[in-house]
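Please read these notes with the coordinates open. They are arranged as numbered points, from the whole chain down to single residues.

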Amino acid sequence: MGERWCAAVLRVLVLQAAWALAGGQVRYSVAEEAKAGTVVGRLAQDLGLEAGEAEARRLRLVAQGRRASVEVSGASGALLVSSRLDREELCGKSAPCALRLEVLLERPLRVFHVELEVTDINDNAPIFPAARKNLSLSENSPPGFRFPLEGASDADIGANAQLSYSLSPSEYFSLDLQKSNERNIEPELVLTKPLDRETIPVHRLVLTASDGGRPSLSGTMELVISVLDTNDNAPQFNQSVYKVQMPESAAVGTLVTRVNATDADEGINSEVTFTVTNLIPPSGKDVISINPNTGEIHLTGSLDFEEVSIYDFRIEAKDKGTPPLSGHCKVVLEVLDVNDNAPEVRVTSLSVPVAEDASVGTVVALLSVSDRDSGENGRVRCWVWPASPFGLEATFAGSYSLVLREALDRERVSEYEVEVRAEDGGAPALRASRGLRVPVSDVNDNAPAFAQAVYTVLARENNAAGAELARLWARDPDEAGNGRVSYSVWEGGAGGGGWRAASSYVSVDAESGRLWALRPLDYEELQVLQFEVRAVDAGEPPLCGNATVQLFVLDENDNAPALLPPAGGGGGGRGLGVGHVVAKIRAVDADSGYNAWLRYELWEPRGKGPFRVGLYSGEVSTARALDEADGPRQRLLIVVRDHGEPARSATATLSVSLVEAAEAAAAAAAGSSSSSSSSVSRSALGVELGPGAASAATNVWLVVAICAVSSLFLLAVVLYGASRWAPRAAVLSGPGPTTLVCASEVGSWSYSQRHSRSLCVADGAAKSDLMVFSPNFPPPPPGPTPKDTQPEPSALLDTVSGNTLLVSHP
């Protein structure tokens, strides 16, 4: 039975499909707002296509120029909803709403027409033209007065668009519905009871429109009915007194407050305008203004607490009725202080410059400090920066004294830049400062001071008169006359032949301190000149400082060697051996050191003569044994030369007579019997110094000379002993240690200070001289050395009178 029924249904469907194919059009129906993916119909099956044939033959919709809301499934061939279907958007109020679609089938190409009807659902509620409608009625309007109302509209069609109206309950109004045609109904509002504005000034009703859909949808409109009144009420402020506080820093245009006045009347009778009256102080008219319509009060000028702290004024509100009525209120504006004024520092008295010897506590300046603000904003604290050497002392409110807290020293700080700083107690705090320049005046509290306590000056002898020797400078940190220094020479001692006035040799320029020589210096006369230079300032009282100057005269080679009588040698005959001393050439040089270092050279005869001369000793000795071949007389030419630049020299001619040994012995015996005062026996060789031959007179004079030299030596010893116990003159040489140097004939040499020294040679056949030197210019001591504390020189270095070099013949 079931199988037969299914077969019958299938036959019906096939017949419908065949009919549809024969007619060439398929119809479907779908409700609007169907969800995407909803199957509208089995298009492939209705077109008589086998399973899978729709995809193989590419069954698809042809675009219709607008976005299609349906599509054909490629796999099943079903017509599906692809996007939202809105009947009102597609067809508006037209009924029915049918969409015509074209379906394309390829291989072979065929076109089918499909009609899709979109059915309406109740998806649109009634809509009024406005959500709110305002109506005005005079309170004397009679009952039965009608107000036509604009009805609502519904986008749906049919029963879904059939509207009905209702009004919220009210004892003053009712709703009357009038049919304009079969479809439209126009509502009217009817006054059923007289209005009383004082009882109910505004009536608010709700008009509701409902459609005939299932379920029903509705829309509402609010009706606001205002009752108009006559002008029987004056404006009233909500406050009788408005109190406002504002900081003085409020900007121009700031809202002070807004006064509010209401009028129970309606319309023009309730329109209020505002004005300001009785402004105290009158200057407030430049500070505040009121908007006549809104009652807003704004600042039109800057507030200043320091000028006006309270503004008091009245506001009048007046309506526009006939006759107009008015009301009043009072506004009190209190201005609050803000920290908008920095402290002010003023100098009322300034006493400068300040003497550097001013006592602690001296008042330098009087100051006044103030702040226009009040309270903490006007409370000021002050201090001085830098803190020393000045400070502040409060005398009374707002007044301070700048006083000296520490001793001043103009040479350390000549001027102070003092800053008096002030800070109030506001938050944030404001600061102010005042700079003061406090110069320090000088007093003569510094004596001139030389850079060195002892100046060592070197000057060559034979300098030109007026030559500059040195420049001395003493520093005085004081200023002006207190620091202006003048120089002078203080008389001291001089070396050489006793005390000499320094002013006879040198002078110092009073202003520049230039030390210059008054005359040429002579080393042989003066070796060291020690004196003091005094620097005196021009202060009151004047202060002075001293410096010791040690002037060392440098020797120049300006003296040639001077010959002394030679010392005789030992006796002997022609058989004398090598090295026998025949005589000794003696010479002295008034110069010193290298310039006085002498050397002896035998110029004639040159070659292999029988004699030779010691290079530094001057001893003439035999160079070989004498024999008969040597002549009876030998003439020797000896040159004595110093080591100066350029070197100076002297020439000595020595005649040597050769005698036999027997004659020499007889001469020696005769000589001992005839002259007992001679301490040296004559040699077997006759020796004569000079160009002539030896004579008896010459020998006598030679003996006399030797005795004189011996006497001088004894005198030197006596003078040395006396000088050990006699008080010393001013020290002329430096305190350097003595240096002993032994020089052989080939010799070494040390530069010597030009002081005559005793050269002692021990008895015996010595082959070398003993030369004693001390450094010419010792380095200056680190500090001034008193004259009485300089070390005593060695006995070997005592100064003797004269420049004779004594040699004891061996």
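1. Basis of the notes. This is a predicted model, in which local features need pLDDT of at least 70 and side-chain atom pairs count only at pLDDT 80 or more, while totals for chains, interfaces and linings use all residues. Residues are numbered from 1 along each chain as its sequence is written, and side-chain values use heavy atoms, with hydrogens and water left out.

2. Chain totals. The chain holds six helices and 50 strands (DSSP runs numbered from the N terminus: helices are H or I with at least four residues, strands are E with at least two). Of its 810 residues, 39% are buried (buried is under 20% relative accessible area, exposed over 50%, partly exposed in between, with a 1.4 Å probe and protein chains only). The accessible surface comes to about 42800 Å², and carbon and sulfur atoms account for 54% of that surface (Shrake-Rupley method, 1.4 Å probe; for residues, only the protein chains shown count as cover). Among contacts with a separation of 6 or more, 68% are between residues 24 or more positions apart (a contact means heavy atoms within 4.5 Å).

3. The four-stranded sheet. Four strands in the order β33-β40-β39-β36 make an open sheet with mixed pairing (two strands pair if DSSP finds at least two bridges between them). β33 (454–460) and β36 (485–490) each have a single partner strand and stand at the edges, so one side of each has no neighbour in the sheet. On average, neighbouring strands here are turned by 30° against each other, direction ignored (axes are lines fitted to C-alpha atoms, for helices over the stretch in contact, and angles between N-to-C directions run from 0 to 180 degrees). Six bridges join β36 to β39 (residues 528–537) in the antiparallel sense. Within β39, R534 stands opposite S488.

4. β38 and its partners. Strand β38 (residues 514–517) pairs in the antiparallel sense with β34 (residues 468–471) over three bridges, with L515 opposite A470. β37 (residues 506–508) is also antiparallel to β38, again over three bridges, and W516 is the bridge partner of S507. The hairpin of β37 and β38 has five residues between the strands, and G513 takes a positive phi near 75°. In a regular strand the side chains alternate between the two faces of the sheet.

5. β45 and its partners. Which residues of β45 (residues 619–622) are buried? On one side E619 and S621, and on the other V620 and T622, are all buried. β42 (residues 581–588) pairs with β45 in the antiparallel sense over three bridges, and K584 has E619 as its bridge partner. β44 (residues 611–613) also runs antiparallel to β45 over three bridges, with T622 as the partner of F611. The hairpin of β44 and β45 has five residues between the strands, and G618 in the turn has a positive phi of about 75°.

6. The three-stranded sheet. β17-β21-β20 is the order of an open sheet of three strands with antiparallel pairing. Its edge strands, β17 (255–258) and β20 (288–290), each pair on one side only. Neighbouring strands are turned by 20° against each other on average, direction ignored. β17 and β21 (residues 296–299) are joined by three bridges, and E296 in β21 is the bridge partner of R258.

7. L333. This residue lies in strand β23 and counts as buried, at 0% relative accessibility. Its C-alpha is 5.0 Å from that of Y311, which is 22 residues away in sequence. Beyond its neighbours within four places in sequence, L333 has contacts that include V244, M246, V256, I288 and Y311.

8. N339. Where is N339 found? N339 sits in the loop between β23 (326–336) and β24 (344–350), and it is buried at a relative accessible area of 15%. Its side chain makes a polar contact of 3.0 Å with the side chain of D424 (a pair of N or O atoms within 3.5 Å; within protein, one must be able to donate a hydrogen and the other to accept it, and residues adjacent in sequence count only if both atoms are side-chain atoms). A polar atom of the N339 side chain also lies 3.1 Å from the backbone oxygen of P428. Leaving aside neighbours within four places in sequence, the residues in contact with N339 include D373, N377, G426 and L430.
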